[in-house]
Amino acid sequence: MRVTVNGEPREVASESIEALLAELEYEGTHFAIALNYDVLPRSQWQTRLKSGDEIEIITPRQGG
Amino acid sequence: MVKFYDREFSSRLLIGSALYPSPAIMQAAIRASGANIVTVSVRRESAGGKTGHAFWSLIRELDVTVLPNTAGCRSVREAVTTAKLARELFGTPWIKLEVIADDDTLQPDVVGLVEAASILTRDGFQVFPYCTEDLGVAMRLVDAGCRVVMPWAAPIGSAKGIINRDALKLMRDRLGDITLVVDAGLGAPSHAAEALELGYDAVLLNTAIAKAAEPVAMAKAFRLGVEAGRAAFEAGLMEARDFASPSTPVVGTPFWHAAP
């Protein structure tokens with residue numbers, strides 16, 4: 001399935017956000033997810049992905 | 001004590017977490033500043049990356065309150081979505097709201113800012129809007145529900161200090177019950193002291209400390225500048241005047257009116 005992750009088109013096998021994080025080897029728990037420009041709460045990370053979805057995977061970073 | 005929405009803090013210096021020479025210096029500088037509130041951002045994490053996790057561990061060790069920002073957002077939609085991501089990530093209703101109009105000056109887009117502040121306030125956020133010194137805009141932000149307003153001193157990272165002192169003074173006078181923070185453009189502890197002397201509740205800065213030759217020592221200098229400025233404000237500054245007025249008593253001056 002073709003989706004966009006952090007602005008980059010990718011071919012992925014995963015069918016949910018949770019599986020996608022594992023497939024792309026994200027570790028830890030400090031992530032927030034936006035799916036098609038809307039925040040996807042952690043409780044909904046089982047949501048099924050569909051072709052063309054745009055996913056943003058966000059973590060804390062330095063800021064002013 | 002200074003109040004941000006329903007929470008009170010002892011330090012009137014809010015500090016950024018970016019641009020330090022190393023993570024260890026960032027931690028030491030934040031500690032030396034005495035700040036209770038630290039700004040952070042949210043960014044994309046690359047696959048397999050651990051940058052965010054490492055940074056977050058350092059911040060958590062500091063026992064500070066985080067104020068996430070929407071730095072880099074150039075539209076209302078981006079800013080609102082970024083604020084929601086920050087709320088999800090940090091579990092706080094606080095957001096330092098930035099909507100940027102121009103990349104070279106980082107001039108706030110005040111029209112988008114008011115719109116985004118209104119949307120976020122209705123959604124339960126407690127908004128800290130980064131704005132210009134324009135009183136009309138500040139009043140619109142208050143109308144939108146902001147109880148904190150953060151006008152710039154000068155463009156972000158410029159170190160110029162307060163460019164439009166009269167406008168900042170006017171904003172302080174007109175928005176007496178709003179927590180006002182001078183955010184951005186401060187370069188020296190004397191600039192921070194000036195903001196506090198004007199009656200501003202706090203200052204927010206990053207670059208002036210992070211880019212100093214000795215960030216930890218500069219963090220302490222800013223802490224002292226903020227404390228001095230606040231103490232001066234509470235002590236009540238005298239009014240400026242145009243002519244000299246002798247401080248030493250005139251009566252009894254030796255040779256007074258004596259013939260030459």
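Predicted model: local features only at pLDDT ≥ 70, side-chain atom pairs only at ≥ 80, totals over all residues.
Biologist: What should I know before I start?
Modeller: Residues are numbered from 1 along each chain as its sequence is written, and chains are lettered from A and ligands numbered from 1 in the order in which they are written. Local features need pLDDT of at least 70, side-chain atom pairs count only at pLDDT 80 or more, totals for chains, interfaces and linings use all residues, and side-chain values use heavy atoms, with hydrogens and water left out.

Biologist: Which residues touch the most other members of the largest nonpolar core?
Modeller: In soluble globular proteins, nonpolar side chains tend to be buried together. A nonpolar core is a set of buried Ala, Val, Leu, Ile, Met, Phe, Trp, Tyr and Cys residues joined through side-chain atoms within 4.5 Å. Buried means under 20% relative accessible area, exposed over 50%, partly exposed in between (1.4 Å probe, protein chains only). Here the largest core has 83 residues, and Phe4(B), Leu97(B), Val127(B), Leu141(B) and Val203(B) touch the most other members. Helix α3 (residues 76-90) of chain B gives the largest share of this core, eight residues. A second, separate core has 16 residues, among them Phe31(A) and Leu49(A).

Biologist: What is Val127(B) in contact with?
Modeller: Contact means heavy atoms within 4.5 Å. Setting aside neighbours within four places in sequence, the partners of Val127(B) include Tyr5(B), Ile95(B), Leu97(B) and Val148(B).

Biologist: How do I read helix α4 of chain B?
Modeller: Helices (H or I, at least four residues) and strands (E, at least two) are DSSP runs, numbered from the N terminus. The expected span of a helix is 1.5 Å times one less than its number of residues. Helix α4 (residues 110-122) of chain B has 13 residues and reaches 18 Å from its first C-alpha to its last, close to the 18 Å expected.

Biologist: Which residues of α4(B) are buried?
Modeller: An α-helix has 3.6 residues a turn, so residues three or four places apart point the same way. In α4(B), the buried residues are Gly112(B), Leu113(B), Val114(B), Ala116(B), Ala117(B) and Leu120(B). Their cover includes α3, β6 (94-97), β7 (126-131) and α5 (135-143) of chain B.

Biologist: What lies at the ends of α4(B)?
Modeller: Asp109(B) caps the N-terminal end, with a side-chain oxygen 3.2 Å from the backbone nitrogen of Val111(B). Just after the helix, Gly124(B) takes a positive phi of about 100 degrees.

Biologist: Is Leu196(B) buried or exposed?
Modeller: Leu196(B) lies in helix α7 of chain B. Leu196(B) has a relative accessible area of 0%, so it is buried. The C-alpha atoms of Leu196(B) and Arg230(B) are separated by 5.1 Å, though the two are 34 residues apart along the chain.

Biologist: Where is His191(B), and why does His191(B) count as buried?
Modeller: His191(B) also lies in helix α7 (residues 189-197) of chain B. His191(B) counts as buried because its relative accessibility is 17%.

Biologist: How much space lies in the largest pocket?
Modeller: Rolling a probe the size of a water molecule over the atoms shows where empty space is left. On a 1 Å grid over the protein atoms alone, a pocket is an open set of points with protein on both sides within 12 Å along at least five of seven lines; lining residues have an atom within 4 Å of a point. The largest pocket holds about 480 Å³ of space. It is lined by 21 residues, with Glu56(A), Ile58(A), Arg44(B), Thr82(B) and Leu85(B) nearest its centre. The largest share of the lining, five residues, comes from α3(B).

How values were computed:
Polar contact = N/O pair within 3.5 Å; in protein donor to acceptor, adjacent residues only side chain to side chain. 1 Å grid on protein atoms, 1.4 Å probe; cavity = no way out; pocket = protein on both sides within 12 Å on 5 of 7 lines; lining within 4 Å. Points joined across faces, edges and corners; volume = space filled by probe spheres on them.
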